[in-house]
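Please consider the following note alongside the sequence and the model.

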Amino acid sequence: LNAQPCAQSHVTIKTQADLQIFVTNSSGCTDIRGDLFITEDVLHLDGLEKIVKINGSLTISNTTQLESIRGLSGLKEVVGYIRIQNNPKLRSLQGLDDLGKVRGDFFYISNNKHIKNLLPLSKLDSIHGIFQLYQLDSLESLTGLENLKYIGSDFAIFKNDKLLTLLGIQSLNTVAQTMRNYSPTPGSDNF
């Protein structure tokens, strides 16, 4: 399959109308040349399934209605960073099921109170920067990270009050900087 760059290099989606305009004007494109920024009142991401690569960064932040990111189901690689934060209705990371690499400075998942697990990240094998899991009030395990082998900087786990085990990161063989765990994980010595 040949990559089809999207005409618009940086994409901001704040409403369903913004999403529909992008989908209509970019039919068939697979690569966003810059950043994809999703925020505010967007309800869903249906229509973005053909996006395979983001050459910039992916930010899903401060949405008020977004419950699902399944529309990103074709995404395999993000060259920049990923920030998924402050999405009070987001229930799952389903949609990132084919994501294999994050090449940017960081991958932050924070303040998404309904995310219980990381199962959709099961194909993720490397993060070239910091990986941070912060204040995920429902996160119960790291299951889904079994294929993660490399973190190019810090791995930080903070304030995830229901996280009781670090099982799921058994294959992680390189954290280039430090691993910090400030969550109540009594089984943290059992990988």
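**Note on salt bridges and one serine**

1. Lys-76, Asp-98 and Lys-123 are joined in a network of salt bridges. A salt bridge is a side-chain nitrogen of Lys or Arg within 4 Å of a carboxyl oxygen of Asp or Glu. Side chains of opposite charge can pair when their charged atoms come close. A search of the whole structure gives 6 salt bridges.

2. The model is predicted: local features need pLDDT of at least 70, side-chain atom pairs count only at pLDDT 80 or more, and totals for chains, interfaces and linings use all residues. Residues are numbered from 1 along each chain as its sequence is written, and side-chain values use heavy atoms, with hydrogens and water left out.

3. Glu-40 and Lys-14 form a salt bridge through their side chains, at 3.9 Å from N to O. The pair links distant parts of the chain, 26 residues apart: Glu-40 is in strand 3 (residues 36–40), and Lys-14 is in the loop between strand 1 (11–13) and helix 1 (16–25). Helices (H or I, at least four residues) and strands (E, at least two) are DSSP runs, numbered from the N terminus. Glu-40 is partly exposed at 35% relative accessibility, and Lys-14 is partly exposed at 33%. Here buried means under 20% relative accessible area, exposed over 50%, and partly exposed in between (1.4 Å probe, protein chains only).

4. In the salt bridge of Glu-77 with Arg-103, the closest N and O atoms are 2.5 Å apart. This pair also links distant parts of the chain, with Glu-77 in strand 6 (residues 77–78) and Arg-103 in the loop between strand 8 (101–102) and strand 9 (106–110). Glu-77 is buried, with a relative accessible area of 18%, whereas Arg-103 is partly exposed at 36%.

5. Lys-101 and Asp-125 meet in a salt bridge of 3.2 Å, N to O. Lys-101 lies in strand 8 and Asp-125 in the loop between strand 9 and strand 10 (126–127), 24 residues apart. Lys-101 is partly exposed, with a relative accessible area of 27%.

6. Is Ser-57 buried or exposed? Ser-57 is buried, because its relative accessible area is 8%. Ser-57 is placed in the loop between strand 4 (53–54) and strand 5 (58–63). Apart from neighbours within four places in sequence, Ser-57 is in contact (heavy atoms within 4.5 Å) with residues including Gly-34, Asp-35, Leu-36 and Tyr-81. A polar atom of the Ser-57 side chain lies 3.0 Å from the backbone nitrogen of Tyr-81.

Notes: A polar contact is a pair of N or O atoms within 3.5 Å; within protein, one must be able to donate a hydrogen and the other to accept it, and residues adjacent in sequence count only if both atoms are side-chain atoms.
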